[in-house]
Amino acid sequence: MDYQFKDIEKKWQKFWAEHQTFKAEDKSIKPKYYVLDMFPYPSGAGLHVGHPLGYIASDIFARYKRLKGFNVLHPMGYDSFGLPAEQYAIQTGQHPAITTEANIATYRRQLDQIGFSFDWSREVRTSSPDYYKWTQWIFMQLFNSWYNKDADKAESIAKLAEHFEQNGSAGINAVCDDEILSFTADEWKAFDNNSQQAELLKYRLTYLRESTVNWCAALGTVLANDEVKDGFSERGGYPVEQKKMMQWSMRITAYADRLLKGLDTIDWPEPLKEMQRNWIGKSVGALVKFTIYDLRFTNDDLTNLQSLTSNHYIEVFTTRADTIFGTTFLVLAPEHELVASLTTAEQQGDIDAYIAQAKKKSELERMADAKTVSGAFTGSYAVNPVNGEKIQIWIADYVLAGYGTGAVMAVPSGDQRDYLFAKHYNLPIIPIIDIQNIETEADPTKDGRYINSGFINGLTYKEATAAVIAKLEETGAGKAKVNFRMRDAIFGRQRYWGEPVPVYFKDDLPHLIEEKDLPLVLPEVDKYLPTESGEPPLARAAGWTYNGQEYELSTMPGWAGSSWYWYRYMDAHNDKEFASKQAIEYWKDVDLYIGGSEHATGHLLYSRFWNKFLKDMNLVVEEEPFKKLINQGMIQGRSNFVYRLVDELGRGTNTFISYGLIKQYRTSPIHVDVNIVDNDILNLDKFKKFRPDYADADFILENGKYHCGHEVEKMSKSKFNVVNPDDLIARYGADTLRMYEMFLGPLEQSKPWNTNGIEGVFKFLRKFWRLFHNEAWEFSVSDDAPTKAELKSLHKIIHKVEEDVERFSFNTSVSSFMIAVNELTDLKCNKKAILQELVIILSPYAPHICEELWVLLGNEAGTLSYTPYPKFNPAYLVEDEFAYPISINGKTKLNLNMSLSLEADAIEAFVKDSADVQKYLDGKTPKKVIVVKGRIVNIVI
């Protein structure tokens, strides 16, 4: 029977599900290997052909590792909290859980039909209460912890409270808020409970504070930086403004140095590691206090910084303390807390207008926009602490409130943004190094010697830096400091569809609910919108209180559930712990993680943070969660276009011109659904149904056909270039889709989708099937011993695939399979000894067809996935024969196979005795035989 892929694939998908073929064991004498995909958000659109790329790659590797003798954990689940389901709920009134459940059903059907070897017994959903119970539990552990800088780890908040009880605040070296109290043990004991709790909140790893956030009024929620583009929400395109709000935050900054150092211990793509390094942004420099100028002070006061009150200054962080004499103005972030008090009456209008403008940009946009120069003068001045110079104080959106101190000392001779700002607003630019060239741009050089710089004139960079910091510390105007660009992570969203925060408020202070009351389940609400007074949707829940006290009304952000999910897969049904100690000690960490690089500074950073915290709490055994990470490239869409004829006035007509003729006409391109185009030939009937407004259109054809144009673009619904894997599987089968996605190109690279090439992979699988069947399509294999040529072909592919899979070069393996099948077809090979090994090698790529052939070969169903991978024997690749070209008078007539061990005399004798050669000699005796061993034989007659 010919290759009946539909029946075969349904049969084996059903078998795998019923027999739980890929269920991993938590104890095994085999070595463990944990293969994980970044789990998907189940959108309503389902999967398109770009989505399975990483899943197919990880599945091939998981199947290969089973063949190599590993106990493989390869699970799948759903990151099922998300804004799209909530927006749909707002529009329709349908509960997000119902929408999410329907979407998951679509995803599961699509994933199943591609033939993935997932252990579905461990499926997780972040929106399920039995899952988010443990997300809430981890939040509680963070709330009950602080970061001890001396121990360089998180510790119980009870230990900190005990220290306060015995020693007061003395001796504590913590990551904490800036404004903390200094007190003795007796003073601590004299505090009432609320005062103690308010002080402890300044140390907790998750805490409440006023933060600048991306507020989207239309969506009624705070958005992450990556959810905002050009001042509008990525979803819906609604206006977003910067706003200060009380928000839950997490002290990821406590782990900044460990997050940075940990990058050197993991096998991740270097560009992604560099993205995290830049995001963390470690800087070594100094904190400097610039006194705010006040006309009440005399000139003598201005140079005697110790005489001024400690709160009468602006503190800046700089990595170039050596340039302080070149500071000609200060720039504050528009959100800086001192802006209001510094703004004079004359400048109030300009400042208010500028702040309103800055609110429309996200922080990412402000950092990225290096060309636009804008700002506003506050009307106030500061004093340079090293020379007493009076300098202006400005605000500008290129300074961020959350980085450093939210203020910068502007040195236009050494910083390009400061240079452009100074040129634009006609502010002074002072050269400070003798070799600086600042005629057209800033020069940040560290070479040369200092000029115009008081007590550091004539010094080198290192000498000047040390001297300035020493002077600042001597006068109390500054100190050396290590700083990080990364800010604490905002941990709250004003929306419904997310994990409730397990906190209630008493006397305006947050308290945790009891662990026995977990999970805190989302309550029912009448609408999924904020209340009329602007409170989050959870405020609509009637009677939703904890012992009469109000719950926190925000929910957790989208990254909460994905920051620990790989541990839940280790022990998915444990109702006592997030995962048992035994399961964690066995599986330890993820050996291979595959997903997109777009998560570099989101999920991947937060996951590392939570993992390190759990390690500090002795809840997990590894410092890093993901040993090896691969970022799969994006599959781009291949769009098709029709070309509408345009009249003299530029108006579209009802006539369409075939692509090859458009140069003769004035046309306008229109996207057309790629699913009604075959090899760039448009199905006219389907087009008329696709666009009923063109049902009566005229078409100017080429040879009776309409040829479409094409272009590579992002795959999206709006461009009608989304290809549904369901359609391809129905037409060619899942094994063809799996192999074709790998065949498109290297896993890590982006590449365009082109359905036109899939036919070739389908023909390959049919040819592979053909090896096992005779001319009448009857299954027919031989027990005869294989020939040397057959063994050589087999062992080439054994070795090639093993090498390719280990280095994730799946596309080259597909090419090698095609070569091997062609070779065996030419050899008319139907030997079981060869074909059975080939089935094993191909099974990770095309599992359905291989399972079917495995059973036809006489093996037990379900054993293919765990049979040993064939052993490569290099001896079969050693060339012991050579097909010598035989030339007569310089013209090649035939090839003769001879052993490479033969010497020239023996080769000559063999050639002369050959009956085939004698035919060409026509009875003549050779005058001379020239033998080039291993190359050629030339007979002269």
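**A walk through the predicted model**

Let's start at Cys708, which counts as buried because its relative accessibility is 3% (buried means under 20% relative accessible area, with a 1.4 Å probe and protein chains only). Cys216 is buried too, at a relative accessible area of 0%. A search of the whole structure finds zero disulfides, a disulfide being a pair of cysteine sulfur atoms within 2.5 Å.

This is a predicted model, in which local features need pLDDT of at least 70 and side-chain atom pairs count only at pLDDT 80 or more, while totals for chains, interfaces and linings use all residues. Residues are numbered from 1 along each chain as its sequence is written, and side-chain values use heavy atoms, leaving out hydrogens and water.

Now look inside. In soluble globular proteins, nonpolar side chains tend to be buried together. Here the largest nonpolar core has 179 residues, and Met739, Phe768 and Tyr845 have the most contacts inside it. Such a core is a set of buried Ala, Val, Leu, Ile, Met, Phe, Trp, Tyr and Cys residues joined through side-chain atoms within 4.5 Å. Beyond its neighbours within four places in sequence, Phe768 is in contact (heavy atoms within 4.5 Å) with residues including Val821, Leu838 and Leu853. A second, separate core of 45 residues includes Phe325 and Phe421.

Finally, find helices α24 (residues 788–806) and α25 (residues 810–826), whose axes come within 9 Å and cross at roughly 175°. Helices are DSSP runs (H or I) of at least four residues, numbered from the N terminus, and axes are lines fitted to C-alpha atoms over the stretch in contact, with angles from 0 to 180 degrees between N-to-C directions. Therefore α24 is roughly antiparallel to α25, a label for angles over 145 degrees.

Key:
Helices (H or I, at least four residues) and strands (E, at least two) are DSSP runs, numbered from the N terminus. Angles under 35 degrees count as roughly parallel, over 145 as roughly antiparallel, 65 to 115 as roughly perpendicular and the rest as oblique. Buried means under 20% relative accessible area, exposed over 50%, partly exposed in between (1.4 Å probe, protein chains only).
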